[in-house]
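Here is a short note for a colleague who is opening this structure for the first time. Please read the points with the model on screen.

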Amino acid sequence: QSRLERDSTIVALGGGVVGDLTGFAAATWLRGINVVQVPTSLLAMVDAAIGGKTGVNHPQGKNLIGAFHQPRFVLIDPQVLKTLPPREFRAGMAEVIKYGIIWNDQLFAKLEAAKRLDQMRYVDEELLSYILSCSCQAKADVVSQDEKEGGLRAILNYGHTIGHAVESLTGYKVVNHGEAVGIGMVAAGEIAVQLEMWTSGEAQRQNKLIEKAGLPSKLPQGLDIEGIIDTLQTDKKVKDGKVRFVLPSKIGEVIVTDRVSADVIRDVLGKM
C-alpha cells in the first residue's frame, strides 16, 4: 500500500481520459496533490493535458464533475504518436484546426498548405513540431489570461457546444471527441455565415481543412435535431438560460454570443 501524502505526485501517462481522471483524483485527494501530465495522444498533447481542466463524464453530460487543477509540468514526446491509431490522430487534428480558427491564422495557413493531415505518416517532423508548439502556446496563452473560464477561456470551446451534444446523445460510442468537434465546427461556422459574421468562403476554407484531416462534417445518422437543441441547455456555458456559442468573425478570431436563435440552429443542423 503506497500512502499518498500532500507532497506526493501522481503521473498521468495516457490519453485525455487518463489525464482527466488522474488530474481529478490529484485535485481531490487530500484537497490537492501534485500531478504531472505525460500525454500519449495528439488530442491530449494539444488540448487535454494543457490548462488544468480535469473532469469525468456523467449521464447528464460531459465533464460535469471536475476541478481546475494545474499540472506541475507537462512532458510531450512526439515519438509516442507513432503508436497512435490513425482515427485517434485525426481526432487530435480537430483541436489543432480549432486553434487555427480561434487564435492563430498562421497555424491555419500552415495546415492549409500541408498535402495531407489524415495520418501521421504524411505529416513531416517539422510540421508536427510546429503543430504541437503552436497549439500548446495558443492554449497556454488563453488559459493564462482566464484560468477558471470567466470570459476569454470560453473561446476554447469552439465547435464543442454542438459537438458535446452529439457525443452525449450518441452515448459517447458513435463518434469520438475530435470527430464531434469537427461536426460542431462545421455547424458553428455555418451559424456564423447565417448571422453574417463571416463569409461562406471562410466557412468553406474551414470545412475543407476538416475534411483534409479525415474528420466528419455531417451529423451521425438518425440523430434527433430537437434532442440536440434540448441537450444544449445542459451545456456548462449556459448563462441565464441562454446557450452561448463561440462563433468565428474571421480566421484567427472568434466571439462568444448568446444571440443564436433555436430556429437558426435548427436550420443549420437540418442541412447537415
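Which residues does arginine 153 touch, not counting residues up to four places away in sequence? The first point takes this up.

1. Arginine 153 touches Gly51, Lys53, Phe68, Lys139, Val142, Val143, Asp146 and Glu147. Contact here means heavy atoms within 4.5 Å. Arginine 153 sits in the loop between helix 5 and helix 6. Its relative accessible area is 1%, so arginine 153 is buried. The classes are buried (under 20% relative accessible area), exposed (over 50%) and partly exposed (in between), with a 1.4 Å probe and protein chains only.

2. A word on the basis. This is a predicted model, in which local features need pLDDT of at least 70 and side-chain atom pairs count only at pLDDT 80 or more, while totals for chains, interfaces and linings use all residues. Residues are numbered from 1 along each chain as its sequence is written, and side-chain values use heavy atoms, with hydrogens and water left out. Helices (H or I, at least four residues) and strands (E, at least two) are DSSP runs, numbered from the N terminus.

3. Helix 5 spans residues 125–145 and holds alanine 140. Alanine 140 is partly exposed, at a relative accessible area of 31%. From alanine 140 to arginine 153 is 13 residues in sequence and 10 Å in space, C-alpha to C-alpha. Tyrosine 130 also lies in helix 5. With a relative accessible area of 23%, tyrosine 130 is partly exposed. Tyrosine 130 is in contact with Gln106, Leu107 and Lys110, leaving aside neighbours within four places in sequence. Between tyrosine 130 and leucine 152 there are 24 Å in space, C-alpha to C-alpha, and the two are 22 residues apart in sequence.

4. Next, helix 8, residues 200–212. Its 13 residues should span 18 Å at 1.5 Å a residue, and its end C-alpha atoms are 18 Å apart, which agrees. The expected span is 1.5 Å times one less than the number of residues. Glu202, Ala203, Gln206, Asn207, Leu209 and Ile210 are the buried residues of helix 8. Seen down the axis, they fall within an arc of 160°, so they line one face of the helix. The arc is that of the directions from the helix axis to the C-beta atoms. These buried residues pack against helix 3 (86–102), helix 4 (105–113), helix 7 (177–194) and strand 6 (245–250). Glycine 214 follows helix 8 and has a positive phi, near 75°.

5. Helix 10 covers residues 262–270, and its Val264, Ile265, Val268 and Leu269 are buried. They cover an arc of only 125° around the axis, which puts them on the same side of helix 10. Asp263 and Gly270 are exposed on the other side. The buried residues of helix 10 pack against helix 6, helix 7, helix 9 (225–231) and strand 6.

6. How much space lies in the second largest pocket? About 180 Å³. On a 1 Å grid over the protein atoms alone, a pocket is an open set of points with protein on both sides within 12 Å along at least five of seven lines; a cavity is a set where a 1.4 Å probe fits but cannot get out; lining residues have an atom within 4 Å of a point. Grid points are joined across faces, edges and corners, and a volume is the space filled by probe spheres set on the points. Helix 8 supplies the largest share of this pocket's lining, three residues. Among the lining residues are Val186, Glu190, Asn207, Lys218 and Met272.

7. The count comes to three cavities of 30 Å³ or more. The second largest cavity has a volume of about 50 Å³. Its lining includes Asn157, His160, Gly184, Ala188 and Phe245. Helix 6 (160–169), helix 7 and strand 6 each supply at least two lining residues. Helix 6 gives the most, with three.

8. Two backbone angles to check. Most residues other than glycine have a negative phi. Leucine 30 has a positive phi, near 50°. Leucine 30 lies in the loop between helix 1 (16–28) and strand 2 (34–39). Glutamate 196 is not a glycine either, yet has a positive phi of about 55°. Glutamate 196 lies in the loop between helix 7 and helix 8. Its relative accessibility is 74%, so glutamate 196 counts as exposed.
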